[in-house]
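Thanks for coming, everyone. Please have a look first.

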Amino acid sequence: MAIVLGPNQYGKAETRVVRIYRDTPRHEIRDLNVSTVLRGDFAAAHTHGDQAGVLPTDTQKNTVFAYAKEKGVGEVEDYALDLARHFVTDIAPVTGARVEVEEYRWERISVAGRPHPHAFARASSEVRTTAVTVTGDGQTPRHWVVSGLDGLVVLKSTGSEFHGFLKDRYTTLAETDDRILATSLTARWRYQVAGGKPERWDDAHAQIRQLLLERFAEVHSLALQQTLWEMGKAVLEARNDVAEIRLSAPNKHHFLADLAPFGLDNPGEVFHAADRPYGLIQATVERDDAEDAGPAWDSAAAFAG
C-alpha cells in the first residue's frame with residue numbers, strides 16, 4: 001500500500017474588483033467578485049514544498065486587476081475567458097484554469113428626474129454569475145462556459161397548489177389548492193461550445209432571465225418541482241446554444257396568520273413569512289444529445305464537497 005497525492009488545485013478566491021469608466025463626464029461602474037483556480041502538476045509543492053512551478057495566488061489577484069484595466073470589463077464571460085486563457089497559455093505549469101465571476105448590479109441615481117452622471121445605488125440582491133473553465137494539455141485550449149444568476153427573488157400570490165402528496169404518521173402539512181409561491185432562485189446554464197458563443201453574452205443572459213420570470217408567472221403550479229421543470233424547458237426551447245440548466249429554489253414559505261382569536265376572517269390576505277426551515281427544490285433540465293460537460297461544473301466548492 002502506498003500513500004499518494006490525489007487531485008489538487010489552488011487559486012485566489014473572491015478578489016473584489018470595481019472598475020470605473022470615467023472617459024466621459026458620465027461614468028460607468030462594473031462591480032465584480034472574481035475567483036481563480038489553477039490546475040496542473042503541482043505535486044512537488046505538496047510533497048516537497050517546492051514552489052518552482054507555483055504561480056503565487058497574489059499574482060493571480062494582480063492579474064485580475066490588471067486585466068480589468070488592460071482588457072476592460074465588457075461582457076463578464078469574455079473577461080473570464082481572457083483571464084483563464086492567459087493562465088493556461090502563458091503560465092507553463094498550468095494545464096487548466098477556472099475563473100468564476102459574480103457581478104453586482106448598480107443603477108444610476110436620478111436627481112430631479114435626470115440621471116446623475118456619477119452617483120449610483122445598488123439595484124437589488126440579485127447577482128449575475130459566470131464560471132469559465134479552460135484546459136490546455138499542450139494542445140489548442142478548450143473552454144466551457146456556465147453562466148447564471150443568484151438571488152432572483154420572485155413571488156406569486158396565487159396560482160399555486162400543493163396536494164396529493166405522500167403521507168405517513170409524521171405528516172401534519174395540510175393540503176391546499178391556493179397558496180403563495182415564493183423563492184430566491186439560483187440558476188446556472190451551460191452553453192454549447194461547438195456552436196460558438198452567443199452573438200452577445202449580455203443579450204443571452206437577459207433573454208434567459210426573462211424566460212425564467214415569465215414561466216414562473218404563467219405556470220399554474222401544482223408543485224415547485226413542476227414550475228422549475230417548465231422554467232428550464234422554456235430556456236432550452238428558446239435557445240439552442242444552451243446544453244443544460246440547473247435550478248435551485250428554496251421554498252420561501254408563507255403561512256396564513258390565525259386571526260380567529262381576534263374575531264377576524266383571513267381569506268388568504270395576511271401571512272407570516274418564515275425564513276427557516278425551508279424546502280429546497282433542485283432540478284436539472286438538459287438535452288439528451290448535449291455536448292459532454294467535461295470539467296464545466298468542477299467548482300472549488302464541488303471539489304471540497
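Let me start with one pair of residues. Gly11 stands opposite Val37 in β2. Before I go on, the ground rules. This is a predicted model, where local features need pLDDT of at least 70, side-chain atom pairs count only at pLDDT 80 or more, and totals for chains, interfaces and linings use all residues. Residues are numbered from 1 along each chain as its sequence is written, and side-chain values use heavy atoms, with hydrogens and water left out.

Now the strands behind that pair. Strands here are DSSP E runs of at least two residues, helices are H or I runs of at least four, and both are numbered from the N terminus. Two strands pair if DSSP finds at least two bridges between them. Strand β1, residues 10-21, is joined to β2 by 10 bridges, and the two run antiparallel. Together β1 and β2 form a hairpin, with 6 residues between them.

How many residues of strand β2 are buried? Of its 13 residues, 28-40, 11 are buried, so β2 is largely enclosed by the rest of the structure. Buried means under 20% relative accessible area, exposed means over 50%, and partly exposed is in between, with a 1.4 Å probe and protein chains only.

On to the other partner of β2. Strand β3, residues 94-111, is joined to β2 by 10 bridges, again antiparallel. Two pairs to find on screen. Asn33 has Glu102 as its bridge partner in β3. Val34 has Val101.

Next, β3 and β4. There are 14 bridges between these strands, which run antiparallel. Arg98 stands opposite Thr133 in β4. Then comes β4 with β5. Strand β4 covers residues 114-135, strand β5 covers 142-156, and they pair in the antiparallel sense over 9 bridges. Ala131 has Val146 as its bridge partner in β5.

Thr15 is buried, with a relative accessible area of 7%. What does Thr15 touch, not counting residues up to four places away in sequence? The list is Leu32, Asn33, Val34, Lys61, Val64 and Phe65. Contact means heavy atoms within 4.5 Å.

Now the backbone. Most residues other than glycine have a negative phi, and most peptide bonds are trans.

First on my list is Glu14, a residue other than glycine with a positive phi, near 55°. Glu14 sits in strand β1. Glu14 is exposed, at a relative accessible area of 55%.

Next is Ala112, where phi is also positive, near 55°. Ala112 belongs to the hairpin of β3 and β4, which has 2 residues between the strands. Ala112 counts as exposed, at 79% relative accessibility.

Then Pro277. A cis peptide bond joins Arg276 and Pro277, with omega about -5°. Pro277 is placed in the loop between β9 (271-273) and β10.

To finish, the whole chain. The protein chain has 6 helices and 10 strands. Of its 305 residues, 42% are buried. The C-alpha atoms fill a box of roughly 75 × 70 × 40 Å, taken along the principal axes. Among contacts between residues at least 6 apart in sequence, 66% join residues at least 24 apart.

That is my tour; questions, please.
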